[in-house]
Amino acid sequence: MIILKNNDLEVSLHPKGAEIHKIVGLHDNINYMWRRDPILWANSAPILFPFVGAVNDNEFRIDGKTYTMTRHGFARHSEFETNQKSDTEVTFTLRSNDYIAEHYPYLFELNVTYSLHESSLKCHCE
């Protein structure tokens, strides 16, 4: 778990899915994120890549080859590399690899940077 903290917020982030688990206001002690109830939905805010939604029968075709992918893509189930730059900023990175290439043929590097700015959490995906 990665923790970002400033005078206003404490944020818990997980490398799996580069997911926000908690955003706690330090002045009111309220967690502003979904509580991750496994009975209803065990996640809170994973990164969805390479697409949001589903494809018919979990299959799609690129250049005549059929690939399979479940709803919302593979990033939400992937472990991202972590580069914590400071107490208030972290970048998670996911790169194409042999396993991903079986489901998605394009080379890529996905960087997700979270940064705290006063009472705001900013997310930048590149």
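The side chains of Ser115 and His117 are joined by a polar contact of 2.9 Å (a polar contact is a pair of N or O atoms within 3.5 Å; within protein, one must be able to donate a hydrogen and the other to accept it, and residues adjacent in sequence count only if both atoms are side-chain atoms). This comes from a predicted model, where local features need pLDDT of at least 70, side-chain atom pairs count only at pLDDT 80 or more, and totals for chains, interfaces and linings use all residues. Residues are numbered from 1 along each chain as its sequence is written, and side-chain values use heavy atoms, with hydrogens and water left out.

Ser115 sits in strand S8, residues 109–117 (strands are DSSP runs of E, at least two residues, numbered from the N terminus). Ser115 is buried, at 10% relative accessible area (buried means under 20%, exposed over 50%, partly exposed in between, with a 1.4 Å probe and protein chains only). Setting aside neighbours within four places in sequence, Ser115 is in contact (heavy atoms within 4.5 Å) with Thr88, Glu89, Ser120, Leu121 and Lys122.

Most residues other than glycine have a negative phi, and most peptide bonds are trans. Glu118, in the loop between S8 and strand S9 (120–125), has a positive phi near 55 degrees. Glu118 also counts as exposed, at 65% relative accessibility.

The loop between strand S3 (19–25) and strand S4 (59–62) holds Pro50, and the peptide bond from Phe49 to Pro50 is cis, with omega near 10 degrees. Asp57 lies in the loop between S3 and S4 too. Its phi is positive, near 55 degrees, and Asp57 is exposed at 73% relative accessible area.

Note on methods:
Helix = DSSP H or I, 4+ residues; strand = E, 2+ residues; numbered from the N terminus.
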